[in-house]
Every structure is written in C-alpha cells, then in structure tokens.
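Let's take a walk through this one, from loops to charges to rings to surface. Have the viewer open and follow along.

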Amino acid sequence: MKKLNEILVVFIFMLTAVLTAAVGLKAYDIYDTRRQLAREQEELELARMMVRNEEAHARVAQMRTEILELAEDKEELERFISRIQSSEQTVSGNGSVSSNGTVSGNGSVSSNSTVSGNGSVSSNSTVSGNDSVSSNGNVTGNGIVSSNEFITGNGTVSANGTVSGNVDIFGNEIPRIGRNVSGNDEINYYDGTMTDSSIFDEWRSIYKQEEMSLNERRQLRTSLEETLEVNQADRERIAENKTDFSGVRIACLGDSITAAANLEGEEGYQQYAYPARLKELLGAEEVYNLGIGGSSIGRYWADAYVDRYQEIPEDTDIIIVMGGTNDAFCASDKEFGNLEERKYRTFCGDLNELMKGIKEKYPDTEVFFATPLPNVLQDYLMKERDYLLPQQKYVDVIKTLAKEYDYDVIDLYNSNILDSHDANVVADYIPDGVHGNHEGYQIIAEHFASELVQHYEEETVETASVSGNNADGNL
C-alpha cells in the first residue's frame, strides 16, 4: 500500500508538472501571438504612413511646378499667396477672447468685452469695439485697431494700419504704431514723428536681432527688404573676416536645399550648392556636401539624418545640420511626438537621438543646427492635409534641443530672409517656393559664412579676454 501511495504521489507530481508546462506553453503562445499581431499592426501602420507621406511629397512636387508657373506673373503669384494665407473666419460678439496662443488671420475681432491673455492678436483686418484689448504678447499687423476702450499691458502694439478712436493706449512694453495714430484720448508714448525706419532701429535696439520672431520681423519689413539688408551685412562681415579657415573641414548634413535642387539640369550644378559656395567664401580646406533630396530628420520618411550622420568624416571640424522642411511636409502629430517621451520614429525622439549621437561621435567638433526657411508650400499643403503641423513647431523643438546639447543655432526661420510667402522673394531667389536659384543658394552660403565668421570672432574675443593676450585669428 505504501508503495502504491508513493507511485500515486509521483504520478500526481508528474501530471501537475505536465499541466503547468502546458499552461505555460499556452500562455507563451498567446503572448507570442499577441506580440506578432502587434508587430504586424505596427508594420501595417508604418506602410500606410509611408504611402501617405509619399503622396504628400508627390503633391509637393506638383505644387512646386504650380509656383514656377505662377512666378511668371508676379501679381497673380501675390494673389495666390494671399489666398493661401487668408482666412474668412470672424471672432466677434463673445464675452471674452482670451488665453489663446494666437488670435490671427480673422476678418474681424470685435465687440468682445475682453480680448486678453493671448500670445498674439495679429494680422486681422479689424480689432475694434472691444471694452479691453490687454495683456497680450502682441497686437500687431492688423488693418484697424479702433474704438476700443482700453489697449493696455501688451508686449507690442505696432505696425497696424490705423490705431484710432481708442480711449486709452498706455503701459505697453513696445508701443510703436504704424501708419495712422489719431483720435485717441491718450497716447503716452508716441510723438507723431516716428518713421517706419526709426521704428525698426528702435526695435533692434530693444531686442537682439536673433531674439525676434518671424511675425515680429514681418511687421517691420518684407522678406525681400530683410533679405537684401541682411545679405549686405553678411557680405561686409565676410569681407572684414580675420579668421583663418584654410585648414578647416566643414560637413553640411541636409536635404535637397543642401543638394542644390532646382539646378540638377545644369552641368556641374553642385558648384552652385551652398556648401561649395561656403568653401570658396571662407577659403576652407574642404566642405563636404551631405545633402540628399527629400530626406528628413526623422525615420518616418526617406534617408533620415538620424540614420546617416555617421557618414560625416571623422576629420570634420565644423558640422552644419540644416533640415526640417521635409519633416513638416509629412509628419502628423503622432510622428511629431513630444519632448517628454522622445519616442523612436518621432521628430522629437529622432532629433534628440541625432544631436546626442553627434555629441558622442564628434565631441571636439563645432556643431551648428539651422532651422528651415519658411516656405509657402507648407501652408498650401496644410490646407489640403489637416493632420500637418506648422513649421514653427519644428523650429521650436530644434532650438530647444540645441540649447540642451549646447549647440549653436542659425535661425533661418525667424530671420525673415528668403521667405517664399513674399512673391518678390519667389521671383528673385526661390522660384519653386522652397528651393533656391543661383542667387538664392549664394545668399544662404553667405549667411552661413557670416554666421561662422561672427561665431569665431566672438570666440576669439572671449579667449583673448580670458587670457589677456592678443588673439591671432586662427582656428
């Protein structure tokens, strides 16, 4: 009997082990099946996203052709750009319009008890009949700001067509008005003699140029005017350069703008690309052109920067990364991601990985990240594809992460140069709305050269100040 009990115990133990193993195998099988399904779902979503992005970039190519054709008639091009930027929405008759990032591009913002706490109230045809327009970052670029009881405590009230019939205009940080200032009971800052030029000069004295936003610059002058002025200053700085770049190697990581798209039909067209022009302007030993047309910073499109920065030669002294244009043409909010999570295959995550990778692989190299030029094709495409995001979001992330990794930023987006929302810029420099012609690429090269010269001049001055010796201007 005892022997039988022992056999029974062994049998029960073995049966339990078999059942446990079976349950474990079943659980693993379920887990593996779910994992496989999740992987297949992810691959399906990725395939769909790539098809969507391919369609978007194909549409961009069509738009480029449209812009090229429109550029032959500047007046028609101006009307076309105006239609893209315009909005017929009206914000009126509400108790309050407040705490929004921007209230702009509306036909009218009127008859509200309060318009306050907004980042910007700008580019509206009319801001009128409100009890109070106050505590906003900017009240700028509006056709008429009139018949309001109070306009107070705003960062900027400037470059508006008419500011009249208001009871009080006071306590604004930069209260500079545009064409007409009349019929107001009290204006405690304006003497009626200031010209557009003096407004610009005073703005520049208050704000460092690089700290002004694109919208603030647009209130002061057109992109063509800004481009010509900045380019003249760039040329003067290059002509006065005392820094020796003759032994310096520069790598330019970029997309079709770096690769000189628009000029491919010309023999030896790469000599007109901005990296080639940069080499000549600085007298550098070598400038590597690592631009690939259509490439994006993130992994949701083609030839992602984050997967090819390792191609930068080891002997590089300076790295310039210019991108974000193609990312904005295809990424939705999901692919954009966020700086809290920085996920793989998102703009925020892949850009973070790119910056971190460059820091680790090229620790002794000077690195500059350039924000993308503002282009009208982005707005055009956004009208057709509502999942797309404004360029400004990409610019903000580039600047934020560059600060985190201690990289210099060449902020093309906020510079107001070569902005294809200006029909004159398209006609003279950016014929398809996004890529340069010979002169356009030359301006980019001269701006980058000027930024590098300025950077090393400042670095030389700082070194000389610390050491107490005269600097010799060599890198």
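Arginine 342 counts as partly exposed because its relative accessibility is 26%; the scale here calls a residue buried under 20% relative accessible area, exposed over 50% and partly exposed in between, with a 1.4 Å probe and protein chains only. You'll find arginine 342 in the loop between α8 (333-336) and α9 (347-361). Its phi is near 50°, a positive value in a residue other than glycine. Asparagine 262 also has a positive phi, near 95°, and sits in the loop between β18 and α6. With a relative accessible area of 26%, asparagine 262 is partly exposed. The element names come from DSSP runs numbered from the N terminus: helices are H or I with at least four residues, strands are E with at least two.

A quick note on ground rules: this is a predicted model, so local features need pLDDT of at least 70, side-chain atom pairs count only at pLDDT 80 or more, and totals for chains, interfaces and linings use all residues. Residues are numbered from 1 along each chain as its sequence is written, and side-chain values use heavy atoms, leaving out hydrogens and water.

Now for the charges. A salt bridge here means a side-chain nitrogen of Lys or Arg within 4 Å of a carboxyl oxygen of Asp or Glu, and by this rule the count comes to 20. Take glutamate 335 and arginine 52, whose side chains meet at 2.7 Å, N to O. Glutamate 335 belongs to helix α8 and arginine 52 to helix α1, so this bridge ties together parts that are 283 residues apart in sequence. Glutamate 335 is buried at 6% relative accessibility, and arginine 52 also counts as buried, at 19%.

Another bridge joins aspartate 432 and arginine 64 at 2.5 Å, N to O. That pair links distant parts of the chain, 368 residues apart: aspartate 432 is in the loop between α12 (423-428) and α13, while arginine 64 is in helix α1. Aspartate 432 is buried, with a relative accessible area of 0%, whereas arginine 64 is partly exposed at 23%. There is also a network of salt bridges linking Arg299, Asp307, Asp350 and Glu353.

On to the rings. The structure holds 8 aromatic pairs, where rings of Phe, Tyr and Trp (its six-membered ring) pair if their centres lie within 6.5 Å; planes under 30 degrees apart are stacked, over 60 edge-to-face, and the rest tilted. Phenylalanine 80 and tyrosine 380 have ring centres 5.1 Å apart and planes at 80°, so they pair edge-to-face. Since phenylalanine 80 lies in helix α2 (residues 74-85) and tyrosine 380 in helix α10 (residues 376-384), the pair ties together parts 300 residues apart in sequence. Phenylalanine 80 is buried at 9%, and tyrosine 380 is buried at 12%. Ring pairs also link Phe336, Phe347 and Tyr394 into a cluster.

Finally, the surface. Leu8, Phe11, Ile12, Leu15 and Leu19 form a nonpolar patch with about 480 Å² of accessible area together. Patches use residues with over 30% relative accessible area and no salt bridge, joining like charges within 9 Å and nonpolar side chains (Val, Leu, Ile, Met, Phe, Trp, Tyr) within 5 Å; the areas come from the Shrake-Rupley method with a 1.4 Å probe, and for residues only the protein chains shown count as cover. Leucine 15, in helix α1 (residues 2-70), is partly exposed at 41%.
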